[in-house]
Amino acid sequence: MLDLIWLVPALPLAGATVNLFLLGPSRPGRRLGRNGGWLATALVGLAFAVSVGALLDLLAIGAEERVHVTRLFEWITAGSFSVDVAFRVDPLSITMALVVTGVGALIHLYAIGYMEHDPRIGTFFAYLNLFVAFMLVLVLADNYLLLFVGWEGVGLCSYLLIGFWYDRPTASSAAKKAFVTTRIGDAAMLLGIVLIFVHLGSLDFDAVFGEAAGGLTQGAATAISLLLLAGAIGKSAQLPLHVWLPDAMEGPTPVSALIHAATMVTAGVYLVVRSHVLFELSGTALTVVLVVGLVSALYAALASIGQFDIKRALAYSTMSQIGFMFFAAGMGFYTGAMLLLVCHAFYKALLFLTAGNVLHGMDDETDMRRMGGLRVDMPVSTVWFAIGALSLAGIPPLAGFFAKDQIVSFASTSDRDLAWVLATIGAFLSALYIARPLFLTFFGRRRNDSHAHEAPGLMQTPLAVLALLVVAGGLVLGLTAEGGRLAVFLEPVVGAVEHGGGALSEGTLIGFSVAIAVAAVLVAYWVWASGRVNWQAFPERQPELAGWLANAFYLNALYAWLVQFPGKGFGRALRVVDERVIDGAVNGVADEVGDASRLAPTIQRGFVRSYALAFLLGAVALLLFLGLRIV
Amino acid sequence: MTTPISYFLVVSAMLFSIGTIGVLVRKNALIIFMSVELQLNAVNLALVAFSRMHNELDGQVLAFFSMVVAAAEVVVGLAIIVTVYRRRRSASVDDLTVLRG
């Protein structure tokens with residue numbers, strides 16, 4: 001199975017090809033679209049099966065030798081520069097591949113029901129499959145360049161899918177925003193890859209990490225790591241390149257679940273963990289990762305609390321959770337980051353898809369101020385959302401509890417007191433911001449007259465599986481920070497967890513985490529569901545604070561002022577140059593030629609005898625010329 | 001005794017000048033045509049005279065060629081002039097200014 005790993009990205013790619021070119025844009029009168037959806041789902045499911053096979057093969061090998069590289073063909077060679085198309089199976093990449101294909105297949109299945117009535121369902125599944133294919137190239141690549149191919153590919157698919165309903169101006173501009181913003185990070189990342197080659201002479205992971213230990217100065221390592229981190233920040237929507245993620249919610253909800261919650265946005269975390277050797281060599285870069293993650297986590301948590309659009313609230317919560325992953329990676333707690341990545345993929349996909357149920361049942365209403373009390377109409381969805389939200393909040397024994405608790409505890413036991421305090425505040429806020437949509441949407445008083453309907457069985461099935469994963473995932477994968485299955489599995493790639501001593505015991509920390517989570521959920525209930533607090537009047541009572549939260553501290557406006565405004569001015573100046581200088585030159589030449597050509601007909605008057613005279617004069621002149629030359 | 005070459009050349013030059021002036025000053029297409037013939041034959045005369053002077057036949061051969069071409073030209077040219085006269089009841093070249101730019 002390990003040699004067949006190329007099948008994993010190839011299968012969804014085949015699905016994309018078939019859907020795009022054969023079934024494709026549903027022809028009138030033919031309902032191929034839904035079949036295309038089944039095909040797409042089946043192929044991603046098959047890719048998952050191959051990944052599971054590869055995992056079993058990997059587990060059969062001794063822990064230290066669990067690396068298998070399959071070289072398909074030589075891709076680029078120029079002098080000493082050589083890049084293969086090669087796929088790498090090791091514990092880290094197979095973990096990512098399993099998440100991408102597993103959660104991906106479930107979301108595909110959900111999307112068959114969700115997108116059923118869309119006339120372009122075939123195109124939708126083609127893009128979705130293409131995304132999965134690129135994502136798998138990204139995580140399975142054995143060198144930085146192939147990783148970059150996947151990296152750009154998922155960016156393209158993200159653009160296509162955010163703007164899937166391109167007839168909505170907001171959707172198409174959100175798509176452009178996502179593409180351009182992440183591109184800023186990608187440009188830096190490409191520079192980082194070039195620097196890697198310049199300093200280490202190769203782009204293959206083994207060669208790079210092997211060489212780096214001896215042959216890389218700290219300054220070079222810092223430069224490379226920071227450039228790679230810029231790419232990760234753009235892709236994972238961390239400060240300061242996060243502005244695209246909330247807008248990306250314009251895309252269909254399965255897209256938000258797959259790309260903007262479970263997989264693509266966590267690619268930045270994968271990149272940092274994969275390149276941890278370089279980051280550790282630098283030291284400074286790792287601290288930057290930690291700070292970026294922590295600040296993003298707190299910033300997004302506050303912004304999430306200010307949102308009334310359910311999907312935007314979830315988007316900020318994703319950003320906040322990824323901030324926690326960066327935070328964990330920045331402390332060197334890579335297994336914790338990966339555990340949170342996996343668990344987050346489960347419960348955030350569940351949350352987003354349940355939000356999709358709500359949108360589906362309420363005719364695309366996204367404003368939570370017009371929801372409330374949906375537990376009566378949508379009891380099943382309420383259960384799913386509650387499981388996802390409580391998991392994110394950190395209520396044991398759900399998956400999110402283990403991941404988040406381990407990260408916060410790690411901060412406490414590694415002498416980072418300030419980070420620990422901030423992370424604890426972040427944990428409290430994260431429980432608050434996710435309990436808020438739960439209570440606003442499903443509990444409290446009904447604020448809408450229309451009757452919501454529960455989603456059909458086809459859409460509930462994947463949710464049930466995801467809910468099961470959320471309930472069992474943490475227990476199975478990450479019972480403790482050092483001994484959890486995932487931590488042990490990843491150890492050969494990222495190293496063992498180095499636990500320092502802390503002032504507080506493990507038990508105290510766990511108790512503290514749970515207490516914080518429960519307190520936050522209770523506060524959320526009291527504010528948004530008990531009916532005792534008039535939260536709707538909050539924007540009027542505190543317009544300033546509400547404005548800061550709802551607009552995410554006005555960073556969008558700041559960017560508009562800093563970038564958009566000068567950019568537009570520059571564009572206008574260029575337009576003047578274009579019209580006056582460039583067009584002016586071309587038009588001027590044309591005018592001159594025109595004027596000159598209007599002179600020519602004046603000597604052509606139609607009198608034969610004047611032509612004859614000219615003829616004669618010409619002949620005389622010629623004779624004179626020749627005569628004078630001879631003389 | 002032979003006539004000096006200059007006599008022939010003077011006659012030739014006079015004929016050519018008359019022909020040239022005729023082409024330039026007359027309006028009637030037929031007269032212009034005749035003037036052109038005069039120029040052609042002035043050149044023929046010069047050719048034959050030079051041929052005699054050099055004792056070579058090249059010039060005379062060329063004169064025959066130009067006479068043949070002139071004959072063909074007369075056929076075409078006269079036909080055009082007659083057609084123009086039929087259509088316009090005039091053979092004045094100053095009236096034929098349709099190709100004015």
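In this predicted model, helix α8 (residues 218-235) of chain A packs against helix α13 (residues 284-305) of chain A at an angle of about 25°, and their axes lie 9 Å apart. Because angles under 35 degrees count as roughly parallel, α8(A) and α13(A) are therefore roughly parallel to each other. The crossing in which α8(A) passes α13(A) is right-handed.

| Helix | Residues in the contact |
|---|---|
| α8(A) | A:Thr222, A:Ser225, A:Leu226, A:Leu229 and A:Ile233 |
| α13(A) | A:Thr284, A:Ala285, A:Val288, A:Val289 and A:Val292 |

Sorted by class, the residues of this contact between α8(A) and α13(A) comprise seven nonpolar and three polar ones, with no charged residue among them. In general, an α-helix has 3.6 residues a turn, so residues three or four places apart point the same way.

Turning to α8(A) itself, this helix has 18 residues and reaches 25 Å from its first C-alpha to its last, which is close to the 26 Å expected at 1.5 Å a residue. Is α8(A) mostly covered, or how many of its 18 residues are buried? The helix α8(A) is mostly covered, with 13 of its 18 residues buried. After α8(A) comes A:Ala237, a residue whose phi is positive, near 55°.

Finally, the two chains also meet, with 11 residues of chain B in contact with 11 residues of chain A. On the side of chain B that touches chain A, six residues are nonpolar, three are polar and two are charged.

Technical notes: Residues numbered from 1 in each chain as written. Chains lettered and ligands numbered in written order. Predicted model: local features only at pLDDT ≥ 70, side-chain atom pairs only at ≥ 80, totals over all residues. Axes fitted to C-alpha atoms, helices over the stretch in contact; angles between N-to-C directions. Helix = DSSP H or I, 4+ residues; strand = E, 2+ residues; numbered from the N terminus. Parallel < 35°, antiparallel > 145°, perpendicular 65-115°, else oblique. Left-handed = near helix turned anticlockwise from the far one by under 90°. Contact = placed C-beta atoms within 7 Å. Nonpolar A, V, L, I, M, F, W, Y, C, P; charged D, E, K, R; others polar. Expected span 1.5 Å × (residues − 1). Buried ≥ 20, exposed ≤ 12 C-beta atoms within 10 Å, placed from the backbone.
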